[in-house]
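Please look at the aromatic rings in the structure shown here. The paragraphs that follow go through some of their contacts in turn.

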Amino acid sequence: MIRGAPAAVNAPLPSSISLAATDCLTAFGDARQTHRALLESRRALAFHPVLGGDGGDPVPLALAAGHAYDETVPPSWLEPLAGLAARLPDDPWGTARFPVFVTSSNFGVGSLHAFRRTGDARHLRYGTPFATVEVLRERFGWGPNVAVVSHACVSAHLGLLLATRSLERGLATRALVFSFDFVSPFVAGGFHALKILNAGLPAPYSAAGTTGSIGLGDGAAFAVLAPAAGGARPALRLTAQTLHNEMHHFTANRSDGAGFAACLAPVQTTLARRRFWIKGHGTGTLEAGRLEAATLARLFPSAPLVAWKGSLGHTLGSCGLVELAIVGEALRAGMVPGTVGTEPPFFSDAVAAEPFPSRDYDGVLLTSNAFGGAHAACFLSHD
Amino acid sequence: MIERHLHAVRTDAPADESIAATRERLAGAFPRGSTRRMTQLGLLLGGVLSDLATGEEDAIVYASTYAETRALEDYLASFPTPSPTLFQTSIHPSAIQQVLIARQQPVREFFPHTGRDQLVAHALQSAALAAAPRVIVCGGEEHGTWLAEQNAASPHAFAFAFALSVDPAGAVGHLRLESTDSPTGELALPEFFNALHQRSPLSRDVAPGLRLTLTWR
């Protein structure tokens, strides 16, 4: 029974949680294919009409193989996603001791747009979050113990934290975090209306331009978390996680960057003695990129900073998990991809545009940001 | 087993009240001039949260199956010239963000849940596992129009909020989550809302391996 006062907010995790398995799906393919493409500085982004078959301005999108931008029945992303799910470890997911945490910012909302556009009611089977998750649950053979979280572009981080807490309290044997976001005219139209998805390609952390631009990309990923068994030291360990919500403005951060620093404050002591690099958010917007890069350089001046959305596009609510899978592959391969698609001058000297070996480091800080001034970060330790 | 005490339970069941009427009824709960672009769900949640002085170190757990239905409907209707305001308002956590941005109230942990049959179970579990000394649990729906006709939105509007803590002083209710061997279990948000609204007890399996017992003082 838990009766005592809860632990301090956002303290470093009292025990190491193992990252037992991870993989992703991007426009380049799985984590290994994506990592290789990033090392080669390839861009998956290509220009498509923002409204798909209805035309509109060309905008940079990175679509997964097999995904038709104009939604179909069933959604064309379902098969590629099933391919990712087929690589999950064989556990009884969705049962009492093997909970699933599904995270997304989009779910099947492209199907709602397709229903509105075509009047075909068959799209509605995929149009709400619970309906979409039910389709996945039936398709993948999961039980009903599936928690669903949606907090825009920090969604995946929330899934990781909730899964971690379930494991720490002994409520789960292993936990699966599964995230998916596929681009549709619904979401591209929205970012285009906000004028940050435009005719430019994203150049994360670059101070060279006068207009910020993002790209959008398909992304899905999973992470299997498990307690470190019997005092063993797993190869990859989640050793700190932290959140902060500025609640200052829907689409802007506090101009002094205080929200970025507030998120990282609880883990600064933990990180002080570590040699790590940073996988930043780095969408390609100017103001957020400047604040992010400046804050990270001030707090962690010796940590190289990379971001991969200049190649993959912003994979929205799934970006935290997609990029975690790529980090895992980078550590396995021993080479960290640089910040693809950017050009100097940068907002900070810490920005790494070229690949570098991971052997000189023993950890990675992964950060993501979202609407409402939401910030999330986790620290991955390795030997 | 995890036990917590409920404090300051607030509910609002406005039936088929129009958004204009909701805005007028709840204007006093918001800073002057801040309600003009708020959704009905944002207004309802602002109302039930108005006397729960949220602090930065509180955690907030939010539960909604459909969330910003009307903004979603109107955003879809705005194509082929999509509205940027409706786009940002249509995201799942928008209602709480509307309320806290109006108050300029930062919060460290905010967990917006969705789902249906196990939504209540998972939201309460998130709240019970939060590290914060006090967790604000809130949720609700606004009623849809054309999406409701397609069973893709809530037919009713409602909202609730309460605080959960380990402190029994002044509590109005008690909540217990227990591990069980049950392979099934469900409790949807409208039924949980009714229990809060009517101060009715609950004791049932709400998700695989999880039993909820809710009692009132």
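The charged end of Arg116(A) is placed over the ring of Trp146(B), at 4.7 Å from the centre of that ring. The model is a predicted one, and the positions discussed here should be read as such.

Over all chains, a search of the whole structure gives 25 aromatic pairs. One of them joins Phe107(A) and Phe180(A): the arrangement is edge-to-face, with 85 degrees between the planes and 6.1 Å from centre to centre. Phe107(A) belongs to the loop between strand 4 (100-103) and helix 3 (109-118) of chain A, while Phe180(A) is part of strand 6 (residues 175-181) of chain A, so this pair ties together parts that lie 73 residues apart in sequence. Phe107(A) and Phe180(A) are both buried.

Another pair is formed by Phe191(A) and Phe87(B), again edge-to-face, with 5.1 Å centre to centre and 70 degrees between the planes. This pair crosses between chains: Phe191(A) is in helix 6 (residues 185-193) of chain A, and Phe87(B) is in helix 4 (residues 84-89) of chain B.

Technical notes
Residues are numbered from 1 along each chain as its sequence is written. Chains are lettered from A and ligands numbered from 1 in the order in which they are written. This is a predicted model: local features need pLDDT of at least 70, side-chain atom pairs count only at pLDDT 80 or more; totals for chains, interfaces and linings use all residues. Side-chain values use heavy atoms; hydrogens and water are left out. Rings of Phe, Tyr and Trp (its six-membered ring) pair if their centres lie within 6.5 Å; planes under 30 degrees apart count as stacked, over 60 as edge-to-face and the rest as tilted. Helices (H or I, at least four residues) and strands (E, at least two) are DSSP runs, numbered from the N terminus. Buried means under 20% relative accessible area, exposed over 50%, partly exposed in between (1.4 Å probe, protein chains only). A charge sits over a ring if NZ of Lys or CZ of Arg is within 6 Å of the ring centre and within 35 degrees of the ring normal.
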